[in-house]
Amino acid sequence: MERSKKPSAINAPSGGPQPQVDISSDNSRVTASLPTGESVDVLLHGATIISWKSGKQENLWLSEKAVLDGTKAVRGGIPVVFPVFGPPPPNHATSKLPQHGFARTSRWEYLGKSTSESGALSQGGDDCVKLDFGLSSSNLTADAKKAWPYDFGLIYSVTLGRGGLQTVMNVRNEGKEPFEFQFLLHTYLVVKDISKVTVTGLMGAIYTDKVLNATNHTETHAALPITAETDRVYASLAQDTTSVLQDGKPRFDVVRDNLDDTVVWNPWREKAAAMSDFAPKEGWRNMLCVEVGSVSGWQKLEAGDTFEAGQVIRSLL
């Protein structure tokens, strides 16, 4: 698929210190690190990123009670949502699937690594490493195949660089009939104090407020404060970058690539307390989800077609 913002190709390494990639002894996770101290940790369960560090600074929030053994979706990190966001709508091809679909609860394959001297995160030299993960209809459980009987292939590329983290999804329709899907990267970012956090890049956008009975509103804040339970789907954003500020200072830039929507979510005290896998219970004070995706409508793929999209997150400490 041709598009103007397609991520740059990953080239072969030259010389000097190289990124390190390790697979756990139980073959459950892949960890990559750079000579400059950055690292990323990806579970094969859900291809869920559970850690991304800049030096020694953790950028992703992970619940202390997150289940990492493959029996349920991970609470925290960056779960992958596909092919439906939220509870499936009735009378749709995804209606028999669980909430957020099957990608975050399926076992993915690790397809290998490559390094780069160019691309969105390169600063010159072999300072990036890309990890590829795959999921196809042949990997699904019998129940998932029955609930969504389409032939598809997903390749999820996680690129670690000194300048941030890039996550890109390629979706291919490998069957003979079209299908519709939604896609979202459910990113949990670490913040020091949610009461001192604001989010920019949303002003003027129409959003659906799930806290207010899924009613639609227009964002009037240039810098949105998080002062209560927040669950908003911002559709068709005009600018590509959504920024998270802590104490008025930039903490993260989240840059969308070929995606129009962003979800902003914090459960606040009551909802966090009701989740059995959310810990510590005051952890809502130290996290904010800024989730890029295509969820306000449906992407349709004809037989043989592909869709590619993702994000770059930059830690600005």
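Start by selecting R75: apart from neighbours within four places in sequence, it is in contact (heavy atoms within 4.5 Å) with W61, L62, S63, A66, Y188, W265, M275, D277 and F278. R75 is buried at 19% relative accessibility, where buried means under 20% relative accessible area, with a 1.4 Å probe and protein chains only.

This is a predicted model, in which local features need pLDDT of at least 70, side-chain atom pairs count only at pLDDT 80 or more, and totals for chains, interfaces and linings use all residues. Residues are numbered from 1 along each chain as its sequence is written, and side-chain values use heavy atoms, leaving out hydrogens and water.

Zoom out to the loop that holds R75, between β5 (57-58) and β6 (80-81). Strands here are DSSP runs (E, at least two residues), numbered from the N terminus.

Select R104 alone. R104 lies in the loop between β6 and β7 (109-116) and touches H45, G46, T48, A73, P79, V80 and Q99, not counting residues up to four places away in sequence.

Finish at the open sheet, where five strands run in the order β1-β2-β3-β4-β5 with antiparallel pairing; strands pair if DSSP finds at least two bridges between them. Its edge strands, β1 (20-23) and β5, each pair on one side only. Inside it, five bridges join β2 (residues 29-33) to β3 (residues 39-43).

Definitions and conventions:
Helix = DSSP H or I, 4+ residues; strand = E, 2+ residues; numbered from the N terminus. Buried < 20%, exposed > 50% of the residue type's maximum accessible area, 1.4 Å probe, protein only.
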